Amino acid sequence: MSYERFSWLIAAVAISMIGAAQSRAQEAPYVTGFLGVTDMGDYDFDFFQTVPSIVVGQGTITTDTGISYGLAVGMKVAPNLRAEFELSHASNDTKEIGRPFTQYDGSFDATFGMVNLWYDIPVQGRFKPYIGGGLGFARVSHDGQSGAGVTLVDDSDTAIAGQLGFGGRFQVGERGNIDIGYRYKTTGDLDFTTTQVFIPTDLTDGRYSSHSLILGYSYSF
């Protein structure tokens, strides 16, 4: 299944589930706050020279492990199925750029707004595993400096975003749950304009992707 078809499928299911929630209340809403570690790996892109308009090569930016955090509000909309809205942020510092690599000091900062669906696997006990995903948008900002301290990029772009994940929720008291999970997030193509005026070159057709391990706490009202 293509990325675009997957996106439309998630959107259709999310809309139908939220519509069902409005027609009958299944469970009190909940709020979840979470914190995690995030690995972006390598960010691959095309060097696009604007005058003339041609791709002059490919490049890679290497990154350090960063942090992610966020807040989600949701409710149960069907047996074993939860729908939620998530607002989250992730940040990773850069290390090197190019092919061959040279020093590159900067960061990637990504803010996500997503609608998620999580299926709680029916098992006995206080620990409930789950699996699911979401669809939304991401605003990704990137800045980078050469080893000499010259700013090469300071730009932002917005793209469609999706995520897949799994984990488990451990019930604590009557209304609380500790959430431990894994998330994979990815976006559509991103373009960043460089600050170079003599040889204008953009960083195009790159896709943000990350792997995160999160720890959160949910409270039901």
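Helices (H or I, at least four residues) and strands (E, at least two) are DSSP runs, numbered from the N terminus. Read in that way, the elements of the protein follow the order α-β-β-β-β-β-β-β-β-β-β from the N terminus on, which comes to one helix and ten strands. This is a predicted model, in which local features need pLDDT of at least 70 and side-chain atom pairs count only at pLDDT 80 or more, while totals for chains, interfaces and linings use all residues. Residues are numbered from 1 along each chain as its sequence is written, and side-chain values use heavy atoms, with hydrogens and water left out.

Of the 221 residues in the protein, 45% are buried, a term that stands for under 20% relative accessible area (1.4 Å probe, protein chains only). Where contacts (heavy atoms within 4.5 Å) link residues at least 6 apart in sequence, 67% of them join residues at least 24 apart.

Among the strands, which count as paired if DSSP finds at least two bridges between them, strand 2 (residues 42-49) and strand 3 (residues 54-63) are antiparallel and share eight bridges. These two strands form a hairpin, with four residues between them, and within the pairing Tyr 43 lies opposite Ile 61 of strand 3. Strand 3 also runs antiparallel to strand 5, to which three bridges join it, and here Ile 61 has Ile 97 of strand 5 as its bridge partner.

Note on methods
Buried means under 20% relative accessible area, exposed over 50%, partly exposed in between (1.4 Å probe, protein chains only).
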